[in-house]
Amino acid sequence: MLKIGNIFIEKYPVLLAPMEDVTDVSFRAICKEFGADIVFTEFISSEALIRNVDKTLQKMRIYDFERPAAIQIYGHDIENMAQATRIVSQAKPDFIDINYGCPVKKIALRGAGSGLLRDLDKMEQMTRAIVQATDLPVTAKTRLGWDSESIVIEEAVLRLQNTGIQAITIHARTRSQMYSGKADWSWIAKIISNPDVKIQIIGNGDITTPQMAKKAFEQYKVDAIMIGRGAIGRPWIFKQVKHYLTTGQLLPEPNVQERVQIAKKHFELSLKYKGMPRGIFEMRRHFAIYFKNVPNFKTFKLQLLTEQDPDKIIKILDQIASQYGDFTPQPAYAYDNMEQGEN
Ligand SMILES: Cc1cc2nc3c(=O)[nH]c(=O)nc-3n(C[C@H](O)[C@H](O)[C@H](O)COP(=O)(O)O)c2cc1C
C-alpha cells in the first residue's frame, strides 16, 4: 500500500523509476499503459530551471493521461532548490521527488544528488526547505551511503522522515558502486524492521522479474517497488509483475510481432511529443533493446539506428514483424551486467 497526498495505491504499487534520457513522456505513457502506478520525469536541474533553460522546462511538462506523475529535481544549493520547487509546483505534478542518489561525478562531487549523503545536516535542511516551498507532497530518493565504509541510510531515513516528506525510495547501492555489483536489499529489510521508521519505503534496485518483485513485497516488506533498467526496452514488465503478484501466474514474454506493435506506438508518441529529429534520435536506444536477442538482427538494427525518415522506420518495423512474426526472444536488458537473479 502506498499513499502520497491524494494518491492511494492499495495493492502492490509498482513505480517507474526516474531515468535521464529514458523516462520522457512517450516512455512514461507506454509504461503507464502496461500498469506502472506512478511515473517520474527525468531528473531536472534546479539551476537550469531557474535559468529558464528551454529543454529543462520541457522536461517538467506533465500530461493528464500519465498521472499520477512526479517531477524529480536535484541541486546542491538549498535556496535554489526551494526556488526550483516553486517553479516546478506551477507545472502541477502530483508530487515532487528530490534526487539524493545521482552518482555522476559532476553532480555528486558538487554536492548534489548522492553528494548529499556526505552531509546529512544539509540533506535535512534542503528537504525541509523544499517541503516548505510547496503545497504539493514531497518524496526523496537516495542510496545506502557514499561508499561501503559510510553507509548512512538508516540515519538518513530517520532524519528525513521528520521533515514532512511522505516516502523515501531507497536504491540499495552506495554511490561508489554506481550501477555495478548487486543491490543489497538487506539494508532495506533492516530499515523496514526498525520500529522507529514510520515513513513509507519504496524499494529499488535490480528488480527485473515478477519473482523478484514478489520477494520485495513479501520478504522485504516494502510499501512499493520501483523499476528502472528492467523496464527499458521491456515496458511490459509492469503487466508481468502485476499479473504475477495478483494471480501467481507468469505471463509469457511478448513475441516479435507484439514488440513491433509496442515499439511503433512508442515511436509515434516520441514523434508526437519530441518532434523531428529528436523523436527519432531518442527512440534509438529503445529500438535496440526491444529487439535484443533476436538472431541475425544486425542489418535491421543498423537500419533502425541510422534511418532518418519516420515512414521508412515504420516500414522497417513492419518488415521485422513479417520476418520474425511469432518468434519470442529471451529476456534481454539494457545493461549487460543486469541479469535475472536473486535480490
Ligand atoms: C539511464 C539511467 C538514468 C537514470 N537517471 C536517474 C534520474 O534521473 N534520477 C534518479 O533518481 N535516478 C536515475 N537513475 C537511477 C534509477 O532511477 C534507479 O535508481 C537505478 O537504475 C536502480 O534501479 P534498477 O536496478 O531498477 O535500474 C538512472 C538510471 C539509469 C540506468
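Two residues are in contact if their C-beta atoms, placed from the backbone, lie within 7 Å. The model treated here is predicted, and local features need pLDDT of at least 70, side-chain atom pairs count only at pLDDT 80 or more, and totals for chains, interfaces and linings use all residues. Residues are numbered from 1 along each chain as its sequence is written.

**Exercise 1. Determine which elements the buried residues of helix 1 pack against.**

Solution. Helices (H or I, at least four residues) and strands (E, at least two) are DSSP runs, numbered from the N terminus, and a residue is buried if 20 or more other C-beta atoms lie within 10 Å of its own, exposed if 12 or fewer, and partly exposed in between. Under that criterion the buried residues of helix 1 are Val25, Ser26, Phe27, Arg28, Ala29, Ile30, Cys31 and Lys32. Because eight of the nine residues of helix 1 (residues 25-33) are buried, the helix is largely enclosed by the rest of the structure. The partners of these buried residues are strand 3 (14-16), strand 4 (39-45), strand 5 (69-74), helix 10 (237-247) and helix 11 (256-274). Just after helix 1, glycine 35 adopts a positive phi of about 115°.

**Exercise 2. Describe how helix 1 and helix 11 pack, giving the angle and the axis separation.**

Solution. Axes are lines fitted to C-alpha atoms, for helices over the stretch in contact, and angles run from 0 to 180 degrees between N-to-C directions. For helix 1 and helix 11 the angle is about 140°, and the axes are 8 Å apart. Angles under 35 degrees count as roughly parallel, over 145 as roughly antiparallel, 65 to 115 as roughly perpendicular and the rest as oblique, and helix 1 and helix 11 are therefore oblique to each other. On the helix 1 side the contact is made by Val25, Ser26, Phe27, Ala29 and Ile30, and on the helix 11 side by Ile262, Lys265, His266, Leu269, Ser270 and Tyr273. With Ala, Val, Leu, Ile, Met, Phe, Trp, Tyr, Cys and Pro counted as nonpolar, Asp, Glu, Lys and Arg as charged, and the others, Gly among them, as polar, the residues of this contact divide into seven nonpolar, three polar and one charged.

**Exercise 3. Classify the orientation of helix 11 and helix 15, and list the residues that meet.**

Solution. The axes of helix 11 and helix 15 (residues 310-324) come within 8 Å and cross at roughly 170°, and the two helices are therefore roughly antiparallel to each other. Helix 11 contributes Val256, Gln257, Val260, Ala263, Lys264, Phe267 and Leu271, which meet Pro310, Ile313, Ile314, Leu317, Ile320, Ala321 and Tyr324 of helix 15. By class, this contact has 12 nonpolar, one polar and one charged residues.

**Exercise 4. Decide whether isoleucine 44 is buried or exposed, and name the residues that it touches.**

Solution. Isoleucine 44 lies in strand 4, and because it has 26 C-beta neighbours inside 10 Å, isoleucine 44 counts as buried. Leaving aside residues up to four places away in sequence, isoleucine 44 touches Leu49, Thr56, Lys59, Met60, Ile71, Gln72 and Ile73. The C-alpha atoms of isoleucine 44 and tyrosine 74 are separated by 6.1 Å, although these residues are 30 residues apart along the chain.

**Exercise 5. Summarise the chain as a whole by its burial and its contacts.**

Solution. The protein chain has 15 helices and 10 strands. Buried residues make up 43% of its 343 residues. Among contacts between residues at least 6 apart in sequence, 69% join residues at least 24 apart.
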